[in-house]
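Keep the viewer open and try each task before reading on.

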Amino acid sequence: MKLFCIFLFALTAPISVANSNSISTTYLKNFAIANKDSVAIDNAYMKVLRDGAACTLANTTNFGTRIIVALDKIKFKSNRGTIKIKRGEIAVFLENESYDLPKGSYFEIALKKNHPPLTKPSEWVEPTKNVVIYEDAEFRVFEERLNPGDTRDLHSHAQRVVVRLNQVQLTDPRNAPNGKPGTGIQVANTVKFAEPMVHVTKNLSKIPLFNIVIEYKIEH
């Protein structure tokens, strides 16, 4: 009977561990893999995880720069020392840099190497009222802000990922000056990959628009 119980435990233990909510992250070679539910975006250009990481070690196959966007105060160690950032702030790690898996609320945007060619909008008009907070040859990161009731005139975007920090309703006033019920809603603490476009944006809400945008750079 004792041997049977030991054998039964050996069969059931791995299942219990796999389903345990207390074990959200495991390490495999160069990857820090979070629970699959934390994967927000995974396409040919990038992988985005919520409260997890695609890769925390330097020189991980198929991944280049990684950007951490904080949704709350977070603190973690890296090859550059201890990183402390708060909601709406970022930490950029190049391909040859590494860091510990952060604890807390954040998105990690991991840019993929050897991705397909970037596509372009029909024309390029530089957007106004944004603040660039990081830029290199591959991409730029900017704070996308727009006051309540304000409009951003015609402008262009390249392929990008948008981390939404405030819940607001947006519209293109050329098509719907006052918006349409239930449309154009940007939910806070969500992320979206967007294709190139040229548009006008108006903030219909009573609070400011505040997004962090990681946008690939293209030749204009």
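**Exercise 1. Classify Lys129 by its accessibility, then find what its side chain holds on to.**

Step 1: Lys129 has a relative accessibility of 43%, so it counts as partly exposed. The classes are buried under 20% relative accessible area, exposed over 50%, and partly exposed in between, with a 1.4 Å probe and protein chains only.

Before going further, a word on the model. It is predicted: local features need pLDDT of at least 70 and side-chain atom pairs count only at pLDDT 80 or more, while totals for chains, interfaces and linings use all residues. Residues are numbered from 1 along each chain as its sequence is written, and side-chain values use heavy atoms, with hydrogens and water left out.

Step 2: Lys129 sits in the loop between strand 9 (106-112) and strand 10 (130-135). Strands (E, at least two residues) and helices (H or I, at least four) are DSSP runs, numbered from the N terminus.

Step 3: Look for polar contacts, meaning a pair of N or O atoms within 3.5 Å; within protein, one must be able to donate a hydrogen and the other to accept it, and residues adjacent in sequence count only if both atoms are side-chain atoms. The side chains of Lys129 and Asp150 make one at 3.1 Å. The Lys129 side chain also reaches the backbone oxygen of Thr151, at 2.7 Å.

Step 4: Lys129 and Thr151 are 22 residues apart along the chain, and their C-alpha atoms are separated by 9.7 Å.

Step 5: List the contacts (heavy atoms within 4.5 Å). Beyond four places in sequence, Lys129 touches Arg145, Leu146, Asp150, Thr151 and Arg152.

**Exercise 2. Is Arg164 buried or exposed, and which side chain of opposite charge is nearest?**

Step 1: Locate Arg164 in strand 13 (residues 160-164).

Step 2: Arg164 is buried and has no salt bridge. That term stands for a side-chain nitrogen of Lys or Arg within 4 Å of a carboxyl oxygen of Asp or Glu.

Step 3: See what surrounds the residue instead. Leaving aside neighbours within four places in sequence, the contacts of Arg164 include Gln186, Asn189, Lys192 and Phe210.

**Exercise 3. Trace the pairings of strand 4.**

Step 1: Strand 3 (residues 39-42) and strand 4 (residues 46-50) are antiparallel and share 3 bridges. A hairpin of 3 residues links them, and Asp42 has Lys47 as its bridge partner.

Step 2: Strand 4 also runs antiparallel to strand 9, with 5 bridges between them. Here Arg50 is partnered by Phe107.

**Exercise 4. Which residues of strand 8 point one way, and which the other?**

Step 1: In strand 8 (residues 90-93), Ile90 and Val92 point one way, Ala91 and Phe93 the other, and all are buried.

Step 2: Strand 5 (residues 63-70) runs antiparallel to strand 8 through 4 bridges. Val92 is the bridge partner of Ile67.

Step 3: Finish with the whole chain, which has 1 helix and 18 strands. Of its 220 residues, 42% are buried.

Notes: Lys, Arg positive; Asp, Glu negative; His and termini not counted. Pairing = 2+ DSSP bridges.
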